[in-house]
Amino acid sequence: MIHVENLVKRYGSNAAVDGVSFDVAAGEVVGLLGPNGAGKSTTMRILTGAMPPTDGIAEVAGHDVVEAPLDVKSRVGYLPEVPPLYPEMKVRSFLKFVAELKGVPRRDRKARVESALSRCWLEERADQPIEQLSKGYKQRVGLAQAILHDPELLILDEPTSGLDPRQIIEVRQLIRDLAGDHTVVLSSHILSEISASVQRVVVINEGKVVAADSVDELSRRFGGGDQVTVQVRGDADALRRMLPSLPGVADARIVEDVESDVWRCDLSAAPDTDVRPRVAAAVVNAGFELIGMTRREMGLEEIFLRLTDEVNQDADAEDQAA
Amino acid sequence: MRFLRGGWAICKRELHSYFVSPVAYALLAIFWLAEGIFFVSILGYWAAQGRNADARVQEFGAEGNLLNVPAMVAGSFLDVTALVLMFVVPIIAMGLLSEEKRRGTMDLLLTSPVSNAGIMWGKFCGAYVFLLFMLTPPFLFQFVMDFYGDNEFGTFVTGFLGLALMSASMLAATLWVSSITKNQVVSAFAGYGVLMVFWFIDAPANLLPSIYQDGVRWLSIHNHFGDFRVGVISGRDLNYFVWFPAFFLFLTYTALESIRWRGVRSS
């Protein structure tokens with residue numbers, strides 16, 4: 001559905017996007033992830049045909065965004081970071097205007113508007129001026145505007161930014177509903193956000209793609225194995241000797257004593273192994289008391305920090321070498 | 001109409017937005033009130049002058065001239081209206097494109113299958129229809145006066161045609177200003193600046209070398225309005241009122257092209 005190759009966008013001498021390449025298959029839900037200013041919005045704006053790239057190729061459904069902008073625009077629904085709303089208009093008349101603007105045939109307009117209103121749970125607010133709506137509702141109007149002409153591809157720039165937790169859940173649910181019928185690309189700098197909604201992540205930093213993979217695959221590749229925390233009552237020195245020697249345990253540290261004689265130990269497991277049964281058996285067999293054990297997968301948060309740090313360190317090293 | 005794709009939808013929306021905007025209502029109220037006051041005082045003034053002229057004719061016979069009061073009223077009223085329009089048009093045009101950029105709705109237009117000519121034309125038409133609507137009551141004042149004054153209607157009809165053409169020119173210039181700004185207030189004041197330049201540009205004409213004088217006089221907006229005001233439609237003036245807006249619409253089109261190519265960054 002999307003093919004991006006060596007995309008470059010420069011503002012003056014400053015490259016906002018610097019050689020980005022990725023593909024998105026039809027029906028996929030993909031997240032663009034990166035810190036603020038990484039080039040996510042610019043990449044998305046190029047894909048919608050809102051502005052041309054300085055260099056490189058961007059195609060939507062086989063149509064080049066520069067060569068065939070109208071073919072691209074009829075296939076893309078776009079929700080910018082700030083939803084493009086006319087505050088003085090009522091929701092329904094705004095959507096009617098958008099339908100006309102998007103070239104929806106006259107006889108289908110009414111039906112499309114009503115369907116967008118119902119899909120975005122806006123029926124009750126349909127005759128209210130947009131300026132009177134809460135931020136969450138405005139975001140829904142933004143989404144309704146994006147799906148109005150039934151596009152194959154939805155591009156949503158930070159769809160949940162600035163919303164309260166309840167609104168975030170609603171919008172996320174809405175995106176999940178829409179994902180069934182559309183290919184979706186959404187961006188975020190909040191990492192937990194994106195992992196809830198997407199199948200695949202493209203991590204962008206400083207205008208470059210630093211990783212592109214499924215969430216699981218990324219955590220496998222960059223996160224190593226699971227992190228296991230155990231709480232054990234017993235002698236610290238003996239623990240310190242025993243835990244690292246267990247098969248499947250890559251690293252073990254005693255972090256602190258939680259209460260008298262109870263120690264919290266952080267273990268890193270080797271990839272693709274669940275060390276919990278082994279650790280539990282070993283601890284109990286050695287005569288310690290096992291108080292608690294939790295496993296956590298490495299989150300996107302850490303992977304992301306690790307990825308962007310790596311890039312920054314590389315850049316620093318290059319700077320020093322130069 | 002592929003060239004103007006999207007223009008009609010944008011025009012309708014723009015026109016509609018004036019009728020839900022408090023600023024537009026305030027402007028309408030002030031404009032109509034001011035026009036009404038001007039009309040009544042102008043009418044009062046020329047009616048008094050007319051009575052004086054009548055009295056002189058009766059006293060001195062043929063040495064006094066009868067005043068054509070309706071023609072005098074029409075002339076003064078059209079002049080005043082033209083000047084008032086110079087202050088009204090920048091306010092009508094200030095938000096046309098600058099607000100789209102500030103609100104981020106430009107993104108909606110840019111990502112819709114709409115041409116730059118369509119955006120430009122839609123904006124221009126929406127605002128122009130509103131301007132003509134504003135000019136309707138002043139037109140009716142004149143009409144009613146001439147209806148009871150059994151005067152020929154020709155003069156003031158050409159006068160209003162002149163006003164309509166002149167306001168199209170003013171609108172095109174201020175639309176362009178709006179296309180290169182991102183703030184309504186800046187747009188309005190810069191619009192005044194541009195209009196004043198073209199209003200007063202002929203003032204220093206006499207000081208210039210003679211070969212430039214005609215050119216500079218030609219550029220002045222109100223010079224071309226003058227003939228319409230006395231009931232004359234000349235090719236020279238029509239020419240001006242076609243080329244002046246065409247030039248600024250072209251500049252607007254270019255500004256939109258530039259926005260498309262460089263990309264606006266919505267705030």
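Tutor: The conversation below turns to cavities and then to cysteines. Please note that this is a predicted model.

Student: How many cavities of 30 Å³ or more are there?

Tutor: The count comes to 2 cavities of 30 Å³ or more.

Student: What volume does the largest cavity have?

Tutor: The volume of the largest cavity is about 50 Å³.

Student: Which elements of chain A each supply at least two residues of its lining?

Tutor: They are α6 (165-179), β8 (183-188) and α7 (191-197) of chain A. The residues lining the largest cavity include R172(A), I175(A), L186(A), E193(A) and I194(A).

Student: And how do the residues of that lining divide by class?

Tutor: The lining of the largest cavity has 4 nonpolar, 4 polar and 2 charged residues.

Student: What about the second largest cavity, which residues line it?

Tutor: E158(A), T160(A), S161(A), S187(A), S188(A), I190(A) and E193(A) line the second largest cavity. Its volume is about 30 Å³, and its lining divides into 1 nonpolar, 4 polar and 2 charged residues.

Student: Now the cysteines. How many disulfides are there over all chains?

Tutor: The count of disulfides over all chains is 0. As one case, C125(B) is in no disulfide, and the nearest cysteine sulfur, that of C11(B), lies 4.9 Å away. A disulfide requires the two sulfur atoms to be within 2.5 Å.

Student: Is C120(A) buried or exposed?

Tutor: C120(A) counts as buried, because its relative accessibility is 0%. The cut-off for buried is under 20%.

Note on methods
Residues are numbered from 1 along each chain as its sequence is written. Chains are lettered from A and ligands numbered from 1 in the order in which they are written. This is a predicted model: local features need pLDDT of at least 70, side-chain atom pairs count only at pLDDT 80 or more; totals for chains, interfaces and linings use all residues. Side-chain values use heavy atoms; hydrogens and water are left out. Buried means under 20% relative accessible area, exposed over 50%, partly exposed in between (1.4 Å probe, protein chains only). On a 1 Å grid over the protein atoms alone, a cavity is a set of points where a 1.4 Å probe fits but cannot get out, and a pocket is an open set with protein on both sides within 12 Å along at least five of seven lines; lining residues have an atom within 4 Å of a point. Grid points are joined across faces, edges and corners, and a volume is the space filled by probe spheres set on the points. Helices (H or I, at least four residues) and strands (E, at least two) are DSSP runs, numbered from the N terminus. Ala, Val, Leu, Ile, Met, Phe, Trp, Tyr, Cys and Pro count as nonpolar, Asp, Glu, Lys and Arg as charged, and the others, Gly among them, as polar.
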